[in-house]
Amino acid sequence: MQGDAQEIDREIGKDELHRTGPDTLMGKLLRRFWHPVALAADVVPGRARPLRVLSEDLTLYRGESGAPYLIGGRCGHRCTVLHTGVVAGEQISCMYHGWRYDGTGVCTDIPAEKRPRGNPIRIAGYPTREYAGLIFAYLGEAPAPAFDLPRKSVLEDSSRSIFNKRETWDCNWFQQIENSMDAVHLNFAHRWGVVGEFGGSIAAGGAIPDLSYAETESGVRQTATRSKDNVRVSDWTFPNNNHVVAPGPVAGGPWLHLSSWHVPVDDTHTLRFRACAVEEKDPEEMERIKARYDLEFEPVDHAEQLFRGDLNGISEPSLISAQDYVAVKGQGAIFDRSRENLSSSDAGVAFVRRVFLRELGAISQGQSTKRWARLSEAIHLAEPPVKVAE
Ligand code: FES
Ligand SMILES: [Fe+2]
């Protein structure tokens with residue numbers, strides 16, 4: 001398998017892993033999937049905001065009905081930004097000369113035009129979907145695939161509450177994909193500082209794990225075995241979601257299901273969305289759990305401090321993010337993979353690259369990519385300590 005990967009590497013080039021513009025192989029691959037693009041709570045009815053994702057500048061707005069719409073970033077007339085426009089009903093009018101667009105990007109009115117226009121004006125328009133506190137969008141060619149791959153039973157479980165977090169990192173998305181396939185970094189990066197239970201004996205402590213990776217219908221199942229009582233399984237969904245369980249921020253409290261997406265803004269910035277599902281319905285207790293998370297924490301705002309190795313004042317749940325940020329941004333805004341030396345503990349990094357390079361290879365040769373589908377049977381992500389099945 002390693003030989004295959006090297007061959008594909010030579011053919012496709014590892015640089016293709018980090019390029020996400022519309023005309024790149026990865027840009028084409030990513031545009032075949034739904035991605036979260038905003039926190040649902042950040043977009044209020046009747047208002048618009050600018051959004052950059054997959055190297056495209058866009059306008060995200062909610063109509064007065066509450067439905068979200070994602071259309072081009074600039075007006076089709078003389079190209080001023082559209083997010084400064086006025087939302088009325090389900091449409092938005094440009095502030096400059098009033099050209100009006102519907103939620104699919106079709107221009108529906110040109111108020112200052114006296115003569116009828118021959119060609120209809122159309123800017124980009126992409127379907128959206130609200131799920132687990134996030135707004136998802138599909139930026140590829142029509143028809144959009146069914147909204148199925150991002151779904152998880154744990155995110156639809158009425159016994160759980162969900163809260164969300166968004167961060168924006170100033171480095172390439174694929175470094176973050178590789179990091180989520182690197183179970184060994186828990187033993188080191190997440191001991192960089194003091195991290196309470198997550199950095200203690202359960203998740204990050206103990207032996208260097210034995211690693212195993214298996215491709216599934218939806219992505220990759222990662223298993224890190226540190227002892228017979230400490231087996232961590234994570235369920236990674238193609239192309240950019242990682243689902244793990246982890247202790248909550250309140251000692252002795254419920255564990256969290258953390259479903260995280262890494263979405264390229266462009267090649268040097270990444271949106272990171274998280275849906276945290278917790279088995280706790282008591283609103284006061286939920287507020288206590290949420291309050292322990294600094295939901296406003298952006299590692300990039302603390303970069304200077306973090307790269308001095310100073311973790312003072314950063315709360316425990318945010319520390320995990322800060323440590324990952326230091327490790328991953330520390331590789332550079334775009335990591336030069338020609339300088340690396342992979343070892344056997346990087347099995348997950350090699351594995352996930354191989355999967356991507358295979359898919360990029362198929363696109364470059366005009367062949368079909370894998371038909372990724374939601375798991376027919378969810379992977380059980382047990383809370384450690386977990387006995388290994390005999
Ligand atoms: S630039 Fe938008 S209406 Fe003229
Ligand atoms: Fe990490």
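Reader: What makes a run of residues a strand or a helix here?
Author: Helices (H or I, at least four residues) and strands (E, at least two) are DSSP runs, numbered from the N terminus. Two strands pair if DSSP finds at least two bridges between them. A hairpin joins E17 to E18 through 2 residues. This is a predicted model, in which local features need pLDDT of at least 70, side-chain atom pairs count only at pLDDT 80 or more, and totals for chains, interfaces and linings use all residues. Residues are numbered from 1 along each chain as its sequence is written, while chains are lettered from A and ligands numbered from 1 in the order in which they are written.

Reader: How do you know that E17 and E18 pair?
Author: Pairing takes at least two bridges. Strand E17 (residues 255-266) and E18 are joined by 10 bridges and run antiparallel. They therefore count as paired. Trp-261 stands opposite Phe-273 in E18.

Reader: What makes E12 a partner of E18?
Author: Here there are 9 bridges, in the antiparallel sense. Phe-163 has Cys-276 in E18 as its bridge partner.

Reader: Why is strand E18 called mostly covered?
Author: A residue is buried if 20 or more other C-beta atoms lie within 10 Å of its own, exposed if 12 or fewer, and partly exposed in between; C-beta atoms are placed from the backbone. In strand E18 (residues 269-278), 9 of the 10 residues are buried.

Reader: Why are E12 and E13 called edge strands of the sheet?
Author: The open sheet has 7 strands in the order E12-E18-E17-E16-E15-E14-E13, with antiparallel pairing. Strand E12 (161-169) and strand E13 (210-215) each have a single partner strand, so one side of each lacks a neighbour in the sheet.

Reader: What makes E14 and E15 a pair?
Author: Strand E14 (residues 219-227) and strand E15 (residues 230-237) run antiparallel and share 8 bridges. Again, at least two are needed, so they pair. Gly-219 has Thr-237 in E15 as its bridge partner.

Reader: How do you know the angle at which helix H9 runs to E13?
Author: Axes are lines fitted to C-alpha atoms, for helices over the stretch in contact (C-beta atoms, placed from the backbone, within 7 Å). Angles run from 0 to 180 degrees between N-to-C directions. Helix H9 (residues 347-364) lies across E13 and E14, at about 15 degrees to E13.

How values were computed. Contact = placed C-beta atoms within 7 Å.
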